[in-house]
Amino acid sequence: MQKKTCFFIGHREAPDSLLPTLIDEVERHITEYGVNSFVVGHYGQFDALAGQAVIEAKKRHPEVSLIMLLPYQNSGRPTIPPEGFDNTFYPFGMERVPPRAAIPKANQYMVDHSDFLIAYVWHTGSNSRKILDAALNRQARGLIRVTNLVQQGMGDFRGPDYL
């Protein structure tokens, strides 16, 4: 079976009401697109909800893996993945990246090495927006498939900037 990877990018602020939509979207990516590996960060509410959605899907699809993206090196100590995660991933070359640029650089690495992106992005000047824009440029070249839950009209999950 070919490995197909989906990455998640989104803002730290995300309502709990987004979880059912994320669960449905993860299920769709597994059943319709053949995704069998999901990678998620761990720095905000969207990341937490994305992880929960994949953990829920793993109950029906135990072959699916959930990987935690690590933007910082762990000083040679092994990192134990949180409950529900199968492993962690530290992108190649990150040890040379300054700490303040580590999260955006790790996110960009994942966009460059993923087949799919599930996003929750509405802030215009954010790092998440920059990563989404890069993914949309890759999508225009047929290199990734992007789903932005805000733009797709999948519920009213817009943040404070939309109010």
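Guide: Helix axes here are lines fitted to C-alpha atoms over the stretch in contact, and angles run from 0 to 180 degrees between N-to-C directions. Helices (H or I, at least four residues) and strands (E, at least two) are DSSP runs, numbered from the N terminus. The model is predicted, local features need pLDDT of at least 70, side-chain atom pairs count only at pLDDT 80 or more, and totals for chains, interfaces and linings use all residues. Residues are numbered from 1 along each chain as its sequence is written, and side-chain values use heavy atoms, with hydrogens and water left out.

Visitor: Why is α1 called oblique to α2?

Guide: Helix α1 (residues 19–31) and helix α2 (residues 45–60) pack at about 50°, with axes 9 Å apart. Angles under 35 degrees count as roughly parallel, over 145 as roughly antiparallel, 65 to 115 as roughly perpendicular and the rest as oblique. The angle of about 50° therefore makes α1 oblique to α2.

Visitor: Which residues of α1 and α2 make the contact?

Guide: Contact means heavy atoms within 4.5 Å. Among the residues that make it are Leu-22, Val-26 and Ile-30 of α1, and Leu-49, Ala-53 and Ala-57 of α2.

Visitor: Why is Thr-147 called buried?

Guide: Buried means under 20% relative accessible area, exposed over 50%, and partly exposed in between (1.4 Å probe, protein chains only). Thr-147, a residue of strand β6 (residues 145–148), has a relative accessible area of 3% and is therefore buried.

Visitor: What makes Ser-128 count as buried?

Guide: Ser-128 lies in helix α4 (residues 127–140). Its relative accessibility is 11%, so Ser-128 counts as buried. Leaving aside neighbours within four places in sequence, Ser-128 is in contact with Ile-9, Gly-10, His-11 and Val-121.

Visitor: What makes a set of residues a nonpolar core?

Guide: Such a core is a set of buried Ala, Val, Leu, Ile, Met, Phe, Trp, Tyr and Cys residues joined through side-chain atoms within 4.5 Å. The largest one has 29 residues, of which Phe-8, Leu-18, Leu-22, Val-26 and Phe-38 touch the most other members. Helix α2 supplies the largest share of this core, six residues. Apart from it lies another core of 19 residues, including Leu-69 and Ile-144.

Visitor: Which residues is Val-26 in contact with, leaving aside its neighbours within four places in sequence?

Guide: Val-26 is in contact with Phe-8, Phe-38, Ala-53, Val-54 and Ala-57, once those neighbours are left aside.
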